[in-house]
Amino acid sequence: MEIQNHDILIVGGGGAGLRAAIAIGEENPNLSVGVISKVYPMRSHTVSAEGGAAAVIKPNDSLDDHMYDTISGSDWLADQDAVEAFVHEAPTELVQLEHWGCPWSREPDGSVAVRPFGGMKIERTWFAADKTGFHMLHALFQTALKYNNITRYDEWFATRLLVHDGRCQGVAALELRSGQVRAIAGKGTVLCTGGAGRIFPFTTNAAVKTGDGMALAYRAGVPLKDMEFVQYHPTGLPGTGILITEASRGEGGILINNQGYRYLQDYDLGEPLDVNEPNHPRKRTMELGPRDRLSQAFVQERKNGRTIQGPYGDYVYLDVRHMGEKKIDKKIPFVRELCRNYVGIDPVHELIPVRPVVHYVMGGVHTNIEGETPLPGLFAAGECACVSINGANRLGSNSLTELLVFGARAARAAVRFGAQAGDIVIDQIIALAEQEQRRIRERFFQPKGGTETIAGLRVELTHTMERAAGIYRSEESLRAGCDEIRELKHRFNQIELADHSLTFNTELTAALELEYMLDVSEALAHSALARTESRGSHQRTDYPDRDDQRFLKHSLAYRSDGDPRIEYVDVAITRWPPGERVYGSK
Amino acid sequence: MAVNKTEANETGGSEATVILEVFRYHPEQDDAPTFQRYDVPYREDWVVLDALNHVKDQIDGTLTYRWSCRMGVCGSCGMMVNGEPKLTCAAFLRDYYPDAIRIEPLNYFPVIRDLVINMDDFLHKLSEVKAWLVPKEEKPVSDGEHLQTPAELAHYKQFSMCINCMLCYSACPVYGQHTEFVGPAAIALAQRYNLDSRDGAADTRADVIFSDEGIWDCTFVGDCTRVCPKNVDPAGAIQQAKVAATKDWFRSVLVPWGSK
């Protein structure tokens, strides 16, 4: 088998992966970087991020405020040393992106403009209209084109980490065009594969978000941290799950129920201001509360019969009509485009139907503040990683900044590791990749008379996850979910592919993705079962209170032959002792 | 999502179907492409991509195509739909129903398999035109952001909206004849940086854009602009680039003492 050799490998070509790749070129242009991505980098899901990226730049803001907002938003589960590093480096990263051409929206004087987002004391979200992720990703991709030390493996699908002698020395990856599994070696490997929203039936996430990097690490013995924390974004379009950005509320949009009533005032999120008041929208209040609390309020409204029933489930309305056509076209043009195309309504004149939708996985591959995982040679950054700055609930507009700050950090850590690491044991790495090639061929290409289908199991899995680990969970729902996932994993062995060809076999990649999704789901459900408290996005109906005595800790899910083993590690507290999350007060 | 939709139908109950005629080509097995017919449930709110996903999941797992975001921004799912280049996630069945819908890979690109095209050529061109910011003057990050007024931003913003979906190449008669032509999206992205107040590399890019005579064959047919799902107006970018080049030529020939 041929082997490709690089100093550093990046798995994933989205925002975190490209930032990491560029960081290596900045550190040392003589280091060769391989970027392995199952899609062309500009197709990665960063492209869909709309609202913006948070960093302190305006004189009325302060680093401490950004830290406090993030930590209280996380329900005190974020590591405070990581949050401090993140907030400190955030402005530099966003300015750097400006220098790479990102078309940030501007103030009349030419400085970068900011807007408010949920859970923020002061407006600090940089934005490029409402296609911030799109512009960031293309600016990063186009900037990466000028680095000759970067080799891209576009449409290569990573299937296994090649671990020898207790150290990650590369990956096995399936080249989609040829159908060959190849060994790609690197002294450091950085996972930047994004989240896993596709394990749920109703999600904003693109098709590619199947938890690949999380599962790769988990299978290599690396724990997944805080997997029980899943963010529901309060405003997705029913049916498709397409995201309507929080910026629509930052710019003044309001949420109303079937009575036309601004129901958030009943959920300890403060008093509503009239939309024509100059102080509307008030920060950390009502529609600018944090995402977990807003999504939970929806469920209560539904329980009380105050939502609207539709063919794709219940919904409420987002009203932006008072903003007027001009402001809508300037600040949230994509929202208008999406509503017109996918709902057939014009938000300038009509109400937007919305409901909570799975958006982001706070948990991920366990890393420290440098992006290092417990496995030497393996690093992770972006949504697939859990540093953690997001704790039990991520603040809107922190994720785009996170992928820059920690993409760069993880890359630098990988470079440091590579500089002192011994040589790659080529023979062993090739042997492992050959073994992987055989596993895939035997498992998926040899007819076994199995009766299960990919789509069938995938549908069952996603519905299991929704029932077991939705916005509200209980021991009963989670135990049933764990049992069902175990059964689905067993049934996965009965999957039979119709497509046995080598050329661009997307049925094979769908099967491999489903296998990843099963592993990630297992870790998630068991972590949620073990956390017998409610915190942030993890709401247990049987344990409704936060329990700092027992659970001011990160969970770590380790793969085992049976159910995963759950351990805990302390949260790093520096300057903010655990307190009450207060929203809506002055 | 598709899942929810299927369930909604089972309770709602409509028997209507729509016929897809899908281009199939498998290089390991086929000498020439064929068309395969699939009967798919008709749903008012389905896009062509939903119909393809239904085929993939329920009828024929070998059907091969790209998709990801299903919201018109990742640029993966461009195909010919009844002869027109379209993002299939934004092409609604209701706009074709009850007629059959013919789905083919994007025109003028080599086909890898079924509806999957090879777009290496475009990525190569994107590098050639230096589609990245080359700062007019180096400024350390510690000195903060460049100032850029909303008017300066508006100057290039439209051309920055390109999602690299390749529909414009598929609509371009010049590219169809002559694939050396840099082509609409790459020129639009070059122009995006040329017009950026922070950039200083317009001259270098012009060398590449005009290195091939293809651009002079572009007669402002404007099909690229017509099919662009993001209103980028690549035809406008090409015309602007040509005007700039012509001005430079006149200046160097007629007023050689003038500053360039």
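Helices α2(A) and α3(A) are oblique to each other. Angles under 35 degrees count as roughly parallel, over 145 as roughly antiparallel, 65 to 115 as roughly perpendicular, and the rest as oblique. This is a predicted model, in which local features need pLDDT of at least 70 and side-chain atom pairs count only at pLDDT 80 or more, while totals for chains, interfaces and linings use all residues. Residues are numbered from 1 along each chain as its sequence is written, and chains are lettered from A and ligands numbered from 1 in the order in which they are written.

Two packed helices are described by the angle between their axes and the distance between the axes. Axes are lines fitted to C-alpha atoms, for helices over the stretch in contact, and angles run from 0 to 180 degrees between N-to-C directions. Helices (H or I, at least four residues) and strands (E, at least two) are DSSP runs, numbered from the N terminus.

| Helix pair | Axes come within | Crossing angle |
|---|---|---|
| α2(A) (63-73) and α3(A) | 9 Å | roughly 135° |
| α1(A) (15-27) and α10(A) (399-420) | 7 Å | roughly 45° |

The crossing of α1(A) and α10(A) is right-handed. A crossing is left-handed if the near helix is turned anticlockwise from the far one by less than a right angle, and right-handed if clockwise.

Which residues of α1(A) meet α10(A)? They are Gly15(A), Ala16(A), Gly17(A), Arg19(A), Ala20(A), Ala23(A), Ile24(A) and Glu27(A). Their partners in α10(A) include Leu400(A), Phe406(A), Arg412(A) and Val415(A). By class, this contact of α1(A) with α10(A) has twelve nonpolar, three polar and three charged residues. Ala, Val, Leu, Ile, Met, Phe, Trp, Tyr, Cys and Pro count as nonpolar, Asp, Glu, Lys and Arg as charged, and the others, Gly among them, as polar.

Now back to the other pair. Helix α2(A) also passes α3(A) in a right-handed crossing. From α2(A), the contact uses Leu63(A), His66(A), Met67(A), Thr70(A) and Ile71(A). From α3(A), it uses Gln80(A), Val83(A), Glu84(A), Val87(A) and His88(A). The residues of this contact of α2(A) with α3(A) divide into five nonpolar, four polar and one charged.

**Where chain A touches chain B**

How many residues does each chain bring to the contact? Chain A gives 51 and chain B gives 50. Residues are in contact if their C-beta atoms, placed from the backbone, lie within 7 Å. On the side of chain A, two or more residues come from each of α3 (80-99), α4 (132-144), α9 (333-342), α12 (454-469) and α14 (506-530). Helix α3(A) has the largest share, with five residues. By class, the side of chain A that touches chain B has 25 nonpolar, 19 polar and seven charged residues.

**A helix mostly inside**

Seven of the ten residues of α9(A) are buried, so α9(A) is largely enclosed by the rest of the structure. A residue is buried if 20 or more other C-beta atoms lie within 10 Å of its own, exposed if 12 or fewer, and partly exposed in between. The buried residues are Phe334(A), Val335(A), Arg336(A), Glu337(A), Leu338(A), Cys339(A) and Tyr342(A). What covers them includes α6 (247-250), α8 (324-331) and β14 (352-361) of chain A. Gly344(A) follows α9(A), and its phi is positive, near 75°.

**A residue in a loop**

Glu496(A) sits in the loop between α13 (475-492) and α14 of chain A. It is partly exposed, with 16 other C-beta atoms within 10 Å. Leaving aside neighbours within four places in sequence, Glu496(A) is in contact with Pro447(A), Lys448(A) and Gly450(A).

**Domains**

Domain bounds come from an automatic or database domain assignment. Chain A has domain 1 (3-54 + 129-231 + 359-432), domain 2 (244-355) and domain 3 (435-552). The C-alpha centres of its domains 1 and 2 lie 34 Å apart. Ten residues of domain 1 of chain A and eleven of domain 2 of chain A make the contact.

Chain B has eleven helices and seven strands. Buried residues make up 46% of its 260 residues. Its assignment gives domain 1 (2-117) and domain 2 (120-254). The C-alpha centres of these two domains of chain B lie 32 Å apart. In chain B, 13 residues of domain 1 are in contact with 13 residues of domain 2. On the side of domain 1, β3 (78-81) and β4 (84-87) of chain B each supply at least two residues. The largest share, three residues, comes from β4(B).

Key:
Two residues are in contact if their C-beta atoms, placed from the backbone, lie within 7 Å.
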